[in-house]
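Me: Could you walk me through this structure, one part at a time? I would like to begin with the sheets.

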Amino acid sequence: MANKILLIEDDAATGDFIAKGLDEEGFVVDRANNGRDGLFHATDGSHDCVILDRMLPGLDGMAVLSAMRGAGIATPVIVLSALGSPEDRIKGLTDGADDYLTKPFAFAELLARIRLLIRRGGSGPAPATVLRCDDLEMDLLARRVRRGSRTIDLQPREFRLLEYLLRHADQVVTRTMLLEGVWDYHFDPGTNVVDVHLSRLRKKVDEGAPYPLLHTVRGVGYRLGAAP
């Protein structure tokens with residue numbers, strides 16, 4: 001039986017993009033374009049996951065989430081938002097969201113998070129908020145990165161790039177994967193943006209460290225890990 005998703009999103013283009021992708025993956029999608037209708041659909045408890053935009057007409061997304069949890073509805077909820085500060089993410093998670101995804105995002109990442117929450121059935125441990133590889137640590141909520149005892153100051157795009165690499169630690173990631181996962185390019189625009197950002201990130205992560213963690217796999221891509 002197909003999993004049923006409730007998509008509460010007022011932006012038609014974003015909603016169509018998500019719904020089309022989910023439909024192609026075999027999900028049944030119910031949609032609402034405002035908070036009040038979304039809450040009405042959510043209260044029947046028949047959905048396996050709710051994708052909830054934070055900024056909604058009629059009833060704000062966080063108010064929808066609060067009303068759901070207050071009514072005892074435990075359906076897993078992924079909040080989508082252009083608000084990505086540590087305070088915004090923390091509020092979303094502590095107010096009852098199971099996951100929090102900042103716009104813009106790659107559909108592949110949204111799909112992976114949906115499948116993870118459905119597998120957990122909403123009753124498993126909370127999504128990881130700290131990512132680690134060797135002595136490198138990223139706190140997703142505090143937006144803080146450390147290597148050993150050293151704090152690393154990253155620009156927002158560098159942070160997203162390192163987050164992607166940490167989620168694929170010890171795996172080879174291609175330039176195309178990075179363009180889609182970090183820049184949301186679904187084509188190769190013929191730019192050296194990946195190489196430029198990787199070079200800057202490598203200096204911040206590896207300079208002064210006893211051994212490198214960021215490696216170039218010649219002709220293939222990049223890998224984050226302790227061993228060459």
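Reply: Five strands make an open sheet, in the order β2-β1-β3-β4-β5, and their pairing is parallel; strands here are DSSP runs of E with at least two residues, helices are runs of H or I with at least four residues, and both are numbered from the N terminus. Two strands count as paired if DSSP finds at least two bridges between them. Please keep in mind that this is a predicted model, in which local features need pLDDT of at least 70 and side-chain atom pairs count only at pLDDT 80 or more, while totals for chains, interfaces and linings use all residues. Residues are numbered from 1 along each chain as its sequence is written, and side-chain values use heavy atoms, with hydrogens and water left out.

Me: Which strands are at the edges of that sheet?

Reply: The edge strands are β2 (28–32) and β5 (99–102), each of which pairs on one side only. On average, neighbouring strands of this sheet are turned by 20° against each other, with direction ignored; axes are lines fitted to C-alpha atoms, for helices over the stretch in contact, and angles run from 0 to 180 degrees between N-to-C directions.

Me: How many bridges join β4 and β5?

Reply: Strand β4 (residues 77–81) pairs with β5 in the parallel sense over four bridges, and V79 stands opposite Y100 in β5.

Me: And T75, is that one buried or exposed?

Reply: T75 is buried, with a relative accessible area of 8%, where buried means under 20%, exposed means over 50% and partly exposed lies in between, using a 1.4 Å probe and protein chains only. T75 lies in the loop between α3 (61–70) and β4, and its contacts (heavy atoms within 4.5 Å) beyond four places in sequence include G45, H47, M68 and D98.

Me: Now the other sheet: what is the order of its three strands?

Reply: That open sheet runs β10-β12-β11, and the pairing is antiparallel. Its edge strands are β10 (172–174) and β11 (214–217), each pairing on one side only, and the twist averages 35° from one strand to the next.

Me: Which helices pack on it?

Reply: Helix α6 (residues 156–167) packs on the sheet, touching β10, β11 and β12, and its direction makes about 75° with that of β12. Helix α8 (residues 193–206) packs there too, touching β11 and β12, with its direction at about 145° to that of β11.

Me: Which residues of α8 are buried?

Reply: In α8, the buried residues are V193, V194, H197, L198, L201, V205 and D206. They are on the same side of α8 because they cover an arc of only 145° around the axis, the arc being that of the directions from the helix axis to the C-beta atoms. Just after α8, G208 takes a positive phi of about 85°.

Me: Which residues touch the most others in the largest nonpolar core?

Reply: This core has 28 residues, and L136, L162, L165, L178 and L224 touch the most other members; a nonpolar core is a set of buried Ala, Val, Leu, Ile, Met, Phe, Trp, Tyr and Cys residues joined through side-chain atoms within 4.5 Å. The largest share, six residues, comes from α6. Among the residues that L136 touches, not counting those up to four places away in sequence, are V145, I152, L162 and L224. A second, separate core of 18 residues includes L22, I78, I114 and I118.
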